[in-house]
Amino acid sequence: MNRILLLEDDSSLVNGLSFAFTKEGYEADIARCVKEAEDFWSGGTYDLLILDVSLPDGSGFDFCRKVRLGSKVPIIFLTASDEETNVIMGLDIGADDYITKPFKLGILISRINALLRRAKDFEVSAAELQSNGIKVLLLQGQAYKNGKLLELTTVEYRLLCLFMQNPNTVLSKEQILNKLWDCDGNYIDGNTLTVYMRRLRIKVEDNPSEPQMLLTVRRMGYKWNIIC
């Protein structure tokens, strides 16, 4: 049974989601403030986290940052805060998805299932990816360049894994966004992906202005070019 940690202080929403999660076969713990979420997290193991942003004693963003210090567990922000800057911040600090209220329950369940499937795929895939002097240890959630640990955000790490798992294959922007976030592109556009690609190139390329590994294929997408 998949275990979910829900960080939400709206009682009516908590009641509805608790019923839906039980119906879907999930086991859910409910935290109504950041402190409770931290207590649950320190004492248990979870397959997925669902976080509100504005809480009585702090921010879901801060809790997400703490979790990402040592875990790659899937995280969904579920919040009324729909400003573009908050969406980008949530994804950049490590969230896998960002859903704004009001939302359709069926869509939330579908995205939860998609993230759980993807997490399982990561677990059963090869334990190591290696090419172009880059090594990814999937079980540890770490990436190295020439033996030096790369400081990657969750999105950057997932992008790198996706490209290295599909070497010399052109991936369209739509394929990349669907694989990473399972969304219809309403809040993530090509410009946002371009920013993530630039940041990743800075960290993996010897000369980011003249990339040799993460190539842009004009009018088609991007690909991981095997050079060694």
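Visitor: Is Asp52 buried or exposed in this model?

Guide: A residue counts as buried when its relative accessible area is under 20%. This is a predicted model, and in it Asp52 has a relative accessible area of 6%, so Asp52 is buried.

Visitor: Which residue does the side chain of Asp52 join in a polar contact?

Guide: Find the side chain of Thr79: a polar contact of 3.4 Å joins the side chains of Asp52 and Thr79. If you skip neighbours within four places in sequence, the contacts of Asp52 include Leu7, Glu8, Asp9, Gly60 and Lys101. Phe77, Leu78 and Thr79 are in contact with Asp52 too.

Visitor: What kind of peptide bond joins Lys101 and Pro102?

Guide: For that one you check the omega angle. Here omega is about -5 degrees, and the bond between Lys101 and Pro102 is cis. Pro102 belongs to the loop between β7 (97-100) and α5 (105-124).

Visitor: Let's move to a helix. Which residues of helix α3 are buried?

Guide: Helix α3 covers residues 60-68, and its buried residues are Gly60, Phe61, Phe63, Cys64, Val67 and Arg68. Now look down the axis of α3: these buried residues fall within an arc of 160 degrees, so they line one face of the helix.

Visitor: What happens at the start of α3?

Guide: Look at Ser59 there. One of its side-chain oxygens comes to within 3.0 Å of the backbone nitrogen of Phe61.

Visitor: Cys64 was among the buried residues of α3. How many disulfides are there?

Guide: To count one, you need two cysteine sulfur atoms within 2.5 Å. The count here is 0 disulfides. Take Cys33: the closest cysteine sulfur is in Cys64, 17 Å away, so the two are too far apart for a bond. As for burial, Cys33 has a relative accessible area of 18% and is buried, while Cys64 is buried at 0%.

Visitor: Which residues does Gly94 touch, leaving out those up to four places away in sequence?

Guide: Gly94 touches Cys64, Arg68 and Thr154. Gly94 is in the loop between α4 (84-92) and β7, and with 0% relative accessibility Gly94 is buried.

Visitor: How should I read a nonpolar core?

Guide: In soluble globular proteins, nonpolar side chains tend to be buried together. In this structure the largest nonpolar core has 50 residues, and Val136 and Leu159 touch the most other members. Helix α6 (residues 154-164) gives the most to this core, with 8 residues.

Visitor: Which residues is Leu159 in contact with, beyond its neighbours within four places in sequence?

Guide: Leu159 is in contact with Ile176, Leu180, Leu193, Tyr196, Met197 and Leu200. There's also a second, separate core of 16 residues, and its members include Leu17, Leu48, Ile76 and Leu115.

Visitor: Now zoom out. How many helices and strands does the protein chain have?

Guide: There are 8 helices and 13 strands. The C-alpha trace spans about 55 × 35 × 30 Å along its principal axes.

Visitor: What share of the 228 residues is buried?

Guide: Buried residues make up 46% of them. For the contacts, take those between residues at least 6 apart in sequence: 59% join residues at least 24 apart.

Methods: Residues numbered from 1 in each chain as written. Predicted model: local features only at pLDDT ≥ 70, side-chain atom pairs only at ≥ 80, totals over all residues. Heavy atoms only, no water. Buried < 20%, exposed > 50% of the residue type's maximum accessible area, 1.4 Å probe, protein only. Helix = DSSP H or I, 4+ residues; strand = E, 2+ residues; numbered from the N terminus. Arc of directions from axis to C-beta. Polar contact = N/O pair within 3.5 Å; in protein donor to acceptor, adjacent residues only side chain to side chain. Core = buried A, V, L, I, M, F, W, Y, C linked by side-chain atoms within 4.5 Å. Contact = heavy atoms within 4.5 Å.
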